[in-house]
Amino acid sequence: MEEHAPRFNLSIVSSDVEVGGARLSAEYALSDEEIAIAHWWVLINCEEVKYWKELHLSFPEVDGDLEYHNMTFANYFRTWMDMIKSDDNPNWSHELLLLAMQPQRARVYPTCTVNGVKFVSEERDNRRRTQNSGVMAKGHGLDYYGVLHSVVELVYAEGMKVHLFKCRWFDTGAQSMKMDQYGNLSVNTATSAYEDDPFVFATSVKQVFYLDDLARGDAWKIANIVHPRNIYRAATLGVNIPGPEADAYQEPNAVGIHDVATVRENNVKHGRVLRIRDEDSTFIEVDPNEETDDDSDDELRHRLPDINSDTEEDSSDDSDYEP
């Protein structure tokens with residue numbers, strides 16, 4: 001991290017994330033569509049944007065329609081941030097204005113350290129003897145397991161950076177995840193899902209170590225949550241440690257996690273379809289450059305709440321998001 005890096009007061013901007021390694025080749029670069037999707041994902045999952053999301057959803061023409069909301073919210077949000085920056089609105093901030101302006105560039109890296117835990121992209125991890133590419137993200141009543149494809153650094157104006165993991169998620173269906181009588185979760189890594197919803201905040205994932213499932217064989221792996229500082233509790237791995245001075249135990253890299261081409265072939269063979277992870281909003285096609293043609297600036301300003309009115313109730317809701 002730069003010694004005099006500017007600090008931004010947003011929950012999605014973390015000083016605990018450090019990218020590493022040379023930037024990945026052009027084949028890993030995000031397309032314009034992927035950048036738009038990543039920016040949309042950041043907006044709908046940013047706690048400080050929640051007030052504006054709820055305001056937009058209350059519009060008569062939106063009326064809770066998530067598809068229309070997702071298509072138009074980014075443009076409404078940017079217009080609002082531009083319009084009210086001099087109105088002393090308590091729900092406006094300079095950082096939200098920077099966020100509304102969309103990222104200026106997207107950088108892609110192979111490694112990242114989050115709170116002292118090192119993550120490595122799947123492609124690079126496959127050439128190593130140790131394993132650091134497994135990830136787990138908590139959803140609404142369901143945990144999502146996968147591997148890290150790449151680390152994405154969205155750079156907004158004034159150098160404000162938001163770090164995302166682009167992941168390859170395994171299928172979470174009953175036929176692809178099994179729990180044994182001892183509480184061990186086994187995942188079929190030859191499957192995939194949520195291909196249109198690959199992003200997650202770097203600070204909101206846990207690292208997972210995949211061990212070969214000798215009972216099921218083939219592509220089945222037992223998922224073990226990694227504890228801080230890349231130290232694995234020997235008790236959960238069935239290893240006897242003679243004393244407190246013993247070295248931390250670490251398994252060699254598990255083998256046999258199928259590549260993307262094999263996964264897609266298996267999905268087609270078994271009739272699996274693409275799905276979206278259970279986030280607050282449903283994924284739809286997003287065009288950040290689309291102009292809103294049915295609302296003038298005057299009408300947008302008219303729809304903003306009176307800045308002298310009591311907005312504390314609207315903006316004080318707690319969020320499930322934990323950076």
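Author: This is a predicted model. Its largest nonpolar core has 64 residues, and those with the most contacts inside this core are Trp52, Leu99, Leu164 and Phe165.

Reader: Which helix gives the largest share of this core?

Author: Helix 1, residues 32–44, supplies the largest share, with eight residues.

Reader: And what does Leu164 touch?

Author: Leaving aside residues up to four places away in sequence, Leu164 touches Ala38, Trp41 and Val42, as well as Ser150, Val151, Val152 and Leu154. Its list of partners also includes Phe199, Val200, Phe201 and Ala202.

Reader: Which residues does the second, separate core include?

Author: That core has ten residues, among them Leu185, Val187, Tyr210 and Ala223.

Reader: Let us turn to helix packing. At what angle do helix 2 and helix 3 pack?

Author: Helix 2 (residues 50–57) and helix 3 (residues 66–83) pack at an angle of about 120°, and their axes are 10 Å apart. The two helices are therefore oblique to each other.

Reader: Is the crossing left-handed or right-handed?

Author: Helix 2 passes helix 3 in a right-handed crossing.

Reader: Which residues make the contact?

Author: From helix 2, the contact is made by Trp52, Lys53, Leu55, His56 and Leu57. Helix 3 contributes Leu66, Tyr68, His69, Thr72, Phe73, Tyr76, Phe77, Trp80 and Met81. By type, the residues of this contact divide into ten nonpolar, three polar and one charged.

Reader: Where is Asn115 found, and is it buried or exposed?

Author: Asn115 is in the loop between strand 3 (111–114) and strand 4 (117–120). Asn115 counts as exposed because its relative accessibility is 53%, and the cut-off for exposed is over 50%.

Reader: What about Tyr194?

Author: Tyr194 also has a positive phi, near 60°. This residue is found in the loop between strand 9 (185–188) and strand 10 (199–201). Tyr194 has a relative accessibility of 3%, so it counts as buried.

Reader: Finally, how many helices and strands does the protein have?

Author: The protein has nine helices and twelve strands. Of its 323 residues, 46% count as buried. Among contacts with a separation of 6 or more, 71% are accounted for by residues 24 or more positions apart.

How values were computed
Residues are numbered from 1 along each chain as its sequence is written. This is a predicted model: local features need pLDDT of at least 70, side-chain atom pairs count only at pLDDT 80 or more; totals for chains, interfaces and linings use all residues. Side-chain values use heavy atoms; hydrogens and water are left out. A nonpolar core is a set of buried Ala, Val, Leu, Ile, Met, Phe, Trp, Tyr and Cys residues joined through side-chain atoms within 4.5 Å. Buried means under 20% relative accessible area, exposed over 50%, partly exposed in between (1.4 Å probe, protein chains only). Helices (H or I, at least four residues) and strands (E, at least two) are DSSP runs, numbered from the N terminus. Contact means heavy atoms within 4.5 Å. Axes are lines fitted to C-alpha atoms, for helices over the stretch in contact, and angles run from 0 to 180 degrees between N-to-C directions. Angles under 35 degrees count as roughly parallel, over 145 as roughly antiparallel, 65 to 115 as roughly perpendicular and the rest as oblique. A crossing is left-handed if the near helix is turned anticlockwise from the far one by less than a right angle, and right-handed if clockwise. Ala, Val, Leu, Ile, Met, Phe, Trp, Tyr, Cys and Pro count as nonpolar, Asp, Glu, Lys and Arg as charged, and the others, Gly among them, as polar.
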